[in-house]
Amino acid sequence: MIPPRACIPGRIAAALAAGLLLAHCARVPVGDGAERVPMADPQEIELGRQAHQALLEEYAAVDRPALQTYVEGVGQRLVQQSARAGLPWRFTVLDSPDVNAFALPDGHVYLTRGILAYLNSEAELAAVIAHEIGHVTARHGVQQPNVPAPPALESVLAPPARDRAGTLALQRLAPAWARGYGAEQELEAGRLAAATLAAVGYPPQAVAAVAATLKAHAAVARELPGGHLAAAHHAVFDTDLARLARVVARSKAVAAPREGRDDYLQVIAGLHFGDSPDQGVLRDNLLLHARLGLAMQFPPGWGVHNRADRVVAMHPAGDALLELRPGPSRGQPLDALQKGVRLDPGARYDTGRLGGFPAAFAAGARGGRPVVATAVALDSGQYVIAGMARDVAAYERERSALRAAINSFHAISPAEKRAARTYSLQLITVRAGQTMAGLARQSPLSAGAEVQLRLMNGLYPNGEPEPGQALKIVQ
């Protein structure tokens, strides 16, 4: 098993199919009362339940009970002020380094551990959660139009058995997670979040503070070289900051607002930053998995997503993909290949060695789409690698890239193990004379270390810490 790296929205959106057709209508419990959406409460709850089960089959929750309990507690306090407090609300931190938060229409709310690194107080955590509660309260997720996306490449590797209804539910809801709900709905969620924070006793201004941080993170992520800053898939608070500030300013004042900075920092201390040891590390599309003892170079420029059961690389045009997943622990590579890759009749098979290990090779098609695949028996187990293109033209264009990536599979070297170092968030108390530039010079982060440290400490673009202040660093 190779735990997830990529944030959920990007993965699901790539597999988008036609939406579910739902017949009933229900009024939105907020706003002017005129909005109508094509779903009644029982259908929303069932859709969310199905999507939640399918999601947990692929994406793991962070294994930190104290953190999960803390986030759940904040969420449950907030939903008591929601117009839909009766939903079966649950709040989960997912083990992904990407920066995102999203919700299902039944009240399942998810935050990635990546977004937690860029928050600085319980109030800011509450702002993100309240924003997602706002989307659910306003039924934004089920107001999205059922516009079919272009046909996407499906997995070429034989997948585990999965509930069809859950898969369809994920496909129905995924577009909003990937592209956001639109500026007006994001603004409405921000308005609802500010009102909820004020009602619970948090400062409504935390909504605007988080929005500014995430906007800056998204801009910086686009500028830094690939792999140096966690992917910014988030559309959280993706609206005009000036408009959002005006909306937040209309919230009622809170006499003694709760910030909860110290409590929040203590609960996230030690959390993995970037890739975790169980996931393996990606460095410019080079997968280094010290625990499994393997390394593989995925094609440069392709998007690489580390899921619970496989690693998937997709060409930017979406017409070619490459997958790596564990195979059966026993048997020969040829058996693993024939069971793990579903090919049309007439495929060609051969045996040999790859990276010095026993291997089997195949070339053929699946549903008429060209496929090249390999199974290799490494000391830690067998692995199946398969590449597929949408058509012959795409395959001919990417043939060399696919084969080069497959041939790059090898046992991880001692130098690569050292390069596969993973990082975690740690807390320090700022001493007199310490600056962000000085801390950046001591950081293991490479390009953009100073800007990353500023972003995660609320000091972007040019703030400096005060002596005695608790500060997050990466070690």
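**Close-up views of a predicted chain**

Among contacts in this chain (heavy atoms within 4.5 Å) between residues at least 6 apart in sequence, 68% join residues at least 24 apart. The model is predicted, so to speak: local features need pLDDT of at least 70, side-chain atom pairs count only at pLDDT 80 or more, and totals for chains, interfaces and linings use all residues. Residues are numbered from 1 along each chain as its sequence is written, and side-chain values use heavy atoms, with hydrogens and water left out.

View 1. Helices (H or I, at least four residues) and strands (E, at least two) are DSSP runs, numbered from the N terminus. Of the 475 residues, 55% count as buried, meaning under 20% relative accessible area with a 1.4 Å probe, protein chains only.

**View 2. Helix α7 packing on helix α9.** Here α7 (residues 183-200) and α9 (residues 241-249) sit with their axes 9 Å apart, at an angle of about 30 degrees. Axes are lines fitted to C-alpha atoms over the stretch in contact, and angles run from 0 to 180 degrees between N-to-C directions. The two helices are therefore roughly parallel, the label for angles under 35 degrees. On the α7 side, Glu-184, Leu-187, Gly-190, Arg-191 and Ala-194 meet Arg-243, Leu-244, Val-247 and Val-248 of α9. Sorted by type, these contact residues give 5 nonpolar, 1 polar and 3 charged; Ala, Val, Leu, Ile, Met, Phe, Trp, Tyr, Cys and Pro count as nonpolar, Asp, Glu, Lys and Arg as charged, and the others, Gly among them, as polar.

**View 3. Aromatic pairs, 3 in the count.** Rings of Phe, Tyr and Trp (its six-membered ring) pair if their centres lie within 6.5 Å; planes under 30 degrees apart are stacked, over 60 edge-to-face and the rest tilted. Trp-89 and Phe-91 are stacked, at 6.2 Å centre to centre with 5 degrees between the planes, and both residues are buried. Tyr-383 and Phe-409 have centres 6.1 Å apart and planes at 45 degrees, so that pair is tilted. Tyr-383 lies in strand β16 (residues 381-389) and Phe-409 in the loop between α12 (392-407) and β17 (410-411), 26 residues apart. Tyr-383 and Phe-409 are buried too.

**View 4. Helix α15, mostly covered.** In α15 (residues 449-456), 7 of 8 residues are buried, among them Val-451, Leu-453 and Met-456. Their cover includes α8 (205-223), β18 (423-429) and β19 (470-474). After α15 comes Gly-458, with a positive phi near 65 degrees.

Note on methods
Angles under 35 degrees count as roughly parallel, over 145 as roughly antiparallel, 65 to 115 as roughly perpendicular and the rest as oblique. Buried means under 20% relative accessible area, exposed over 50%, partly exposed in between (1.4 Å probe, protein chains only).
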